[in-house]
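The reader is asked to keep the sequence and the structure at hand.

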Amino acid sequence: MQDQPTDESLVPDETRALVGTLVAEPVRAEITAKESQRYAQAVGDLDPVYFDIDAARAAGHPTLVAPPTFVTHAVVVGLPLDHIRTDGLFTGAMPMRLRVQRTMFGGEEWDFDAPVYVGDTITAETRLASIDEKAGSKGPFVRIVRETTFTNQHGDVVARSRQIGIAR
Amino acid sequence: MSPTQVHLEDVAVGAVLPRVVRNASRVQLFLYSAATWNPHRIHYDVDYARFEGHEDVLVHGPLQGAWLTQYVTSWAGPRARLLSVQWQNRASAFPERDLHFDGRVTAVDGDVVTLEITEADPDGRVLMPATATVRLPRRG
């Protein structure tokens, strides 16, 4: 169905049809000590298991640990400057079409299945998990959930994140 | 300084975690943008942030999420394992203002402890409510 003014839905059918599909190509990245530690310093989390291999081993780990949510930043793919929009975001950040003005960060849900270690190679796959139109006190809005699965070089799922976007 | 370890035997439903106060500088927000390769202008360009209707540059949602996970891991200690965390973005957080992190134990199931956590402004307005589960080691 085309985008008719009589169609009240904020979610075009073509977008609804994307539920369950990958929203981008899978991304693979190596977890490096330098990037992990820069991230930990920027957060202000100086947990010794991120910086001191003896502390990591004393806590039961084989090597340095990466901060829990760092894995989602480790797989960010950089783009050239001409792929950056006026608001600073990379183009193509939101490939699905919605009849909305703006999208906000609504929250996030994480499951940590196993620690992520420096030296791991992580593959991230992100799917559109759900897209639901809801009635809010300020009018209708759309709740978009993207689910990313992070898998290490041994084939073990180490973490899953569900990123919740609110669009209206 | 060796980090302290919380054991399963130390906690019970209703136990209150110590408050942590954070106050992000603009430099910290810039470094976090750089370390996460995030070029979004609302986090470092105050003119642009105001153009979008915000009163100042915004603290990144995932940075607040990282603080929430740190709130749990630093309380629980090195031999605990964080299993899950969920947070909701309810209101904006800004730099150079105190942010209060508070938590309490809401359930203990086997060796897994559930925490309810809030990030709030000094007036008690909750900016980010959260829950987390963490597996604690047994003593001895």
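The sections below describe a predicted model.

## Overall architecture of chain A

Chain A contains four helices and five strands. Along the sequence these elements are arranged in the pattern α-β-α-α-α-β-β-β-β. The C-alpha trace of chain A spans about 65 × 35 × 30 Å along its principal axes.

Chain A has 168 residues, of which 29% count as buried. Considering contacts in chain A between residues at least 6 apart in sequence, 68% join residues at least 24 apart.

## The interface between chains A and B

Contacts between the two chains involve 29 residues of chain A and 30 residues of chain B. On the side of chain A that touches chain B, the elements giving two or more residues are α2 (33-43) and β2 (103-112) of chain A. Of these, β2(A) gives the most, with eight residues. By class, this side of chain A is made up of 14 nonpolar, eight polar and seven charged residues.

Strand pairing also links the chains. β2(A) is joined by five bridges to strand β2 of chain B (residues 81-88), and the two strands run antiparallel. Within this pairing, G107(A) stands opposite Q88(B) in β2(B).

How do α2(A) and α1(B) lie relative to each other, roughly parallel or roughly antiparallel? Their axes come within 8 Å and cross at roughly 155°. Because angles over 145 degrees count as roughly antiparallel, α2(A) and α1(B) are roughly antiparallel to each other. The crossing in which α2(A) passes α1(B) is left-handed.

On the side of α2(A), the contact is made by R38(A), Y39(A), A42(A) and V43(A). On the side of α1(B), Q28(B), L31(B), Y32(B) and A35(B) take part. The residues of this helix contact divide into six nonpolar, one polar and one charged.

## The antiparallel strands of chain B

In chain B, β3(B) and strand β4 (residues 112-120) run antiparallel and are joined by nine bridges. The bridge partner of H100(B) in β4(B) is A120(B). The hairpin of β3(B) and β4(B) has two residues between the strands, and G110(B) takes a positive phi near 65° in this hairpin.

β4(B) also pairs with strand β5 of chain B (residues 126-135), again in the antiparallel sense and over nine bridges. Here I117(B) stands opposite A130(B) in β5(B). Five residues lie between the strands in the hairpin of β4(B) and β5(B), where G124(B) takes a positive phi near 95°.

Most residues other than glycine have a negative phi. Two residues in loops of chain B are described here with that background.

W37(B) is a residue other than glycine with a positive phi, near 50°. W37(B) is placed in the loop between α1 (26-35) and α2 (46-51) of chain B. It counts as partly exposed because 14 other C-beta atoms lie within 10 Å, a count between the limits of 12 or fewer for exposed and 20 or more for buried.

E96(B), also a residue other than glycine, has a positive phi near 60°. E96(B) is found in the loop between β2 and β3 (99-109) of chain B. Is E96(B) buried or exposed? With 11 C-beta neighbours inside 10 Å, E96(B) counts as exposed, since the limit for that class is 12 or fewer.

## The setting of A55(A)

A55(A) is located in helix α3 of chain A, which comprises residues 53-58. Because A55(A) has 18 C-beta neighbours inside 10 Å, this residue counts as partly exposed.

When neighbours within four places in sequence are left aside, A55(A) is in contact with P48(A) and V49(A). A55(A) and T148(A) are 93 residues apart in sequence, and their C-alpha atoms are 30 Å apart in space.

Terms used. Residues are numbered from 1 along each chain as its sequence is written. Chains are lettered from A and ligands numbered from 1 in the order in which they are written. This is a predicted model: local features need pLDDT of at least 70, side-chain atom pairs count only at pLDDT 80 or more; totals for chains, interfaces and linings use all residues. Two residues are in contact if their C-beta atoms, placed from the backbone, lie within 7 Å. Ala, Val, Leu, Ile, Met, Phe, Trp, Tyr, Cys and Pro count as nonpolar, Asp, Glu, Lys and Arg as charged, and the others, Gly among them, as polar. Two strands pair if DSSP finds at least two bridges between them. Axes are lines fitted to C-alpha atoms, for helices over the stretch in contact, and angles run from 0 to 180 degrees between N-to-C directions. Angles under 35 degrees count as roughly parallel, over 145 as roughly antiparallel, 65 to 115 as roughly perpendicular and the rest as oblique. A crossing is left-handed if the near helix is turned anticlockwise from the far one by less than a right angle, and right-handed if clockwise.
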